[in-house]
Amino acid sequence: MTGWRSARAILTWVALALAIGVPIAAAATSEQLAWRGPVYILAGFAGIIALGLVLVQPLLIGGYLTPLSAYRGRRAHHWIGGALAFAVVIHVAGLWITSPPDMIDALTYASPTPFSPFGVTAMWAIFAVALLALMRRRLELRPRTWRLIHMPLAIVIVVGSVVHCLLIEGTMETISKAVLCGLVLAATAKVMINLQVWRKRRTLRGESVARQ
């Protein structure tokens, strides 16, 4: 049984590495890079890495990345969230440097490109979660309150990021991009469903004990 768990853990990490690494490698071989400057390329890859980190987050909070314990998974979730926000800053800053007018249009929701509003909305949701996480103790947010705020924002981040990525016709290869986006959606949905079921069971157990 222990051997099976170890093998499953290894397969999970390998699959995660492939899910994130293959799109990055495919983008690195794109012919479009020849027409891009270094700042624009940096911004683009920061965006790809950010999407990969969006996949890691639900896996951590769901406890799927063994041998990390629940506590270490939550701590890693916190630090990966910070890395995600930083990657988004690099992504936006790089695009701002290369084309300020386009970024102004995107940030003000005036851009004609269909992918811009989804990316900008996901960006604000990421910054909101990061800020609330930093001020959680000062605001004295209870776990239930934090979940009520965090869960809807997480959905906005996931949906906005995935749609933003799928609508862009850039350096990312189509199939690996679609697989990564599908895994992000699937992992997020699975974790949210599992957590909801677990909470309902815990509530029912508490009510049963109270009745006794």
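What percentage of the 212 residues in the protein do buried residues make up? The figure comes to 33%, where buried means under 20% relative accessible area, exposed means over 50%, and partly exposed covers what lies in between (1.4 Å probe, protein chains only). The model is a predicted one, so local features need pLDDT of at least 70 and side-chain atom pairs count only at pLDDT 80 or more, while totals for chains, interfaces and linings use all residues. Residues are numbered from 1 along each chain as its sequence is written, and side-chain values use heavy atoms, with hydrogens and water left out.

As for the overall layout, the protein has eight helices and zero strands; helices (H or I, at least four residues) and strands (E, at least two) are DSSP runs, numbered from the N terminus. Reading along the sequence gives α-α-α-α-α-α-α-α. The C-alpha trace spans about 70 × 45 × 25 Å along its principal axes. Take the contacts (heavy atoms within 4.5 Å) between residues at least 6 apart in sequence: 70% of them join residues at least 24 apart.

Now for the inside. A nonpolar core is a set of buried Ala, Val, Leu, Ile, Met, Phe, Trp, Tyr and Cys residues joined through side-chain atoms within 4.5 Å. The largest one here holds 42 residues, and Leu16, Leu55, Leu84, Val88 and Val184 touch the most other members. Two or more residues come from each of α1 (2-28), α2 (38-61), α3 (70-98), α4 (100-107), α5, α7 (143-167) and α8 (174-211). The largest share, 11 residues, is given by α2. Setting aside neighbours within four places in sequence, Val184 is in contact with Leu51, Val54, Leu55, Val158 and Val162.

What about the cysteines? A search of the whole structure turns up zero disulfides, a disulfide being a pair of cysteine sulfur atoms within 2.5 Å. Cys165 is in none, and the nearest cysteine sulfur, that of Cys181, sits 3.9 Å away. That gap is too far for a bond. Cys165 is buried, with a relative accessible area of 9%, and Cys181 counts as buried too, at 1%.

Over in helix α5 (residues 116-134) lies Ala130, which counts as partly exposed because its relative accessibility is 25%. Ala130 and Gly82 are 48 residues apart in sequence, yet their C-alpha atoms are 6.6 Å apart in space.

Helix α5 also holds Trp124 and Phe127, three residues apart, about one turn of the helix. The whole structure has one aromatic pair, and Trp124 and Phe127 form it, edge-to-face, at 6.1 Å centre to centre with 80° between the planes. Rings of Phe, Tyr and Trp (its six-membered ring) pair if their centres lie within 6.5 Å; planes under 30 degrees apart count as stacked, over 60 as edge-to-face and the rest as tilted. Trp124 is partly exposed at 45% relative accessible area, and Phe127 is partly exposed at 25%.
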